Amino acid sequence: MFYPVLAHCTFDKSPTVSIILFEIAILVGSGIAIFFLSKIKDKILPRFLIMAIGVLIFELFTAPMWHNYRLGRWAYLYLDVSWILTVGWTGLILAVTLLIDRLLVEWKAGQRFLVYLGILTVSVTFLEAIVVNLGIRSYAPEVLADMTGIFIFGVPIIEVFYYTPVFTGLVISFYKYWEFALDEEPLIPSKQRKWLRSLSIAFIAVFMFEVMIQPMVNNENFPEWSYLFFDISFLLTGLWVFIIGIAAIIGEKFFLHLPLFYRFLIVLGITGAIALPLESWLIVNGYRVYGESALHSFIGIEMPVTGVPIEIAFAIPCYMALIITFIRYWEIILDNRL
């Protein structure tokens, strides 16, 4: 397979004065947010770190879809993924989450979750307009090709209003799941998993994520009747859900006695062990076709045996980590009526 080696490393990293001021504002604003949030919530640095990990996982997984240029050579972690933007998104999402939890403490967790998404959708859209107009943010050709063409201040408004709830919903669920462990919150274990409910949550999470990332990879050669939206086939979506379900069964049957973190790693490892060779088979047989932007981000190193690019091998656990924590968070709050 041909990989245009590290094409993204050649992008313009030279910042303007406006961009440098914007970066300073992000760092200062995040520092101020951490200071004031520490007054209303304990363990604020571990909370910030957990949220940052969730944001970074999402950014790494979706990196081929959008470009972050001209932030300065010091600002990048991998290709055009910037730690400064990661800090900024983390500070914003954490601040909204903790403040809503403080102000709406009597509300159910699910109700507060909807408030998070509503506020963040507006806030992220505003910030997206800033980074676009500063010349930082641009979109991959595949993403532009699928857009409705409705732009406000340079922002594809329909797409941002879809992408943002998916992005923030997955990241907040990731954070909330690990917050239970951080706060050592007493939770009532479910005597019996409600499988229909769990599979429904999993299907919704996988489907929404696949719709968002579909410009990055095309699902081809599936039966025409199986396509639900764009090139999203319910056969493939159902297959990912089945893999997650198998991992959950194994985790509950054999590893329920282990601490939360180790159970999570085991379930993540099981899903990866099944999904990686499956993804390889789908690629080789023409069912999964990655777009040019994704190919240009590959460095050309393939995993032994499977032949899968190392970036995809890394992306699979990133994808599964967000999906699994989303499912488990909603199972926990529904089982415990939080």
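**View 1. Helix α3 is mostly covered in this predicted model**. Of the 21 residues in α3, 17 are buried. The helix spans 30 Å from first C-alpha to last, close to the 30 Å expected at 1.5 Å a residue. Look at its start. There, a side-chain oxygen of S82 comes to within 3.2 Å of the backbone nitrogen of I84.

View 2. The average pLDDT is 86. A score of at least 70 is reached by 95% of the residues. Residues 1-8 fall below 50. Even so, this stretch makes 23 contacts in the model beyond near neighbours in sequence.

**View 3. The largest nonpolar core holds 102 residues**. Five of its members touch the most others: F58, F209, W240, M320 and I323. Helix α11 (residues 310-335) is the top contributor, giving 17 residues to this core.

**View 4. W240 and its contacts**. Which residues does W240 contact, leaving aside neighbours within four places in sequence? They are V206, E210, A275, L278, E279, L282, Y319 and M320. W240 and M320 are both among the core members that touch the most others.

**View 5. Helix α9 and the glycine after it**. Helix α9 covers residues 260-284, 25 residues in total. From first C-alpha to last, α9 reaches 36 Å. That is close to the 36 Å expected at 1.5 Å a residue. G286 follows α9, and its phi is positive, near 80°.

Conventions. Residues are numbered from 1 along each chain as its sequence is written. Side-chain values use heavy atoms; hydrogens and water are left out. pLDDT is the predictor's confidence in each residue, from 0 to 100. Contact means heavy atoms within 4.5 Å. A nonpolar core is a set of buried Ala, Val, Leu, Ile, Met, Phe, Trp, Tyr and Cys residues joined through side-chain atoms within 4.5 Å. Buried means under 20% relative accessible area, exposed over 50%, partly exposed in between (1.4 Å probe, protein chains only). Helices (H or I, at least four residues) and strands (E, at least two) are DSSP runs, numbered from the N terminus. The expected span of a helix is 1.5 Å times one less than its number of residues. A polar contact is a pair of N or O atoms within 3.5 Å; within protein, one must be able to donate a hydrogen and the other to accept it, and residues adjacent in sequence count only if both atoms are side-chain atoms.
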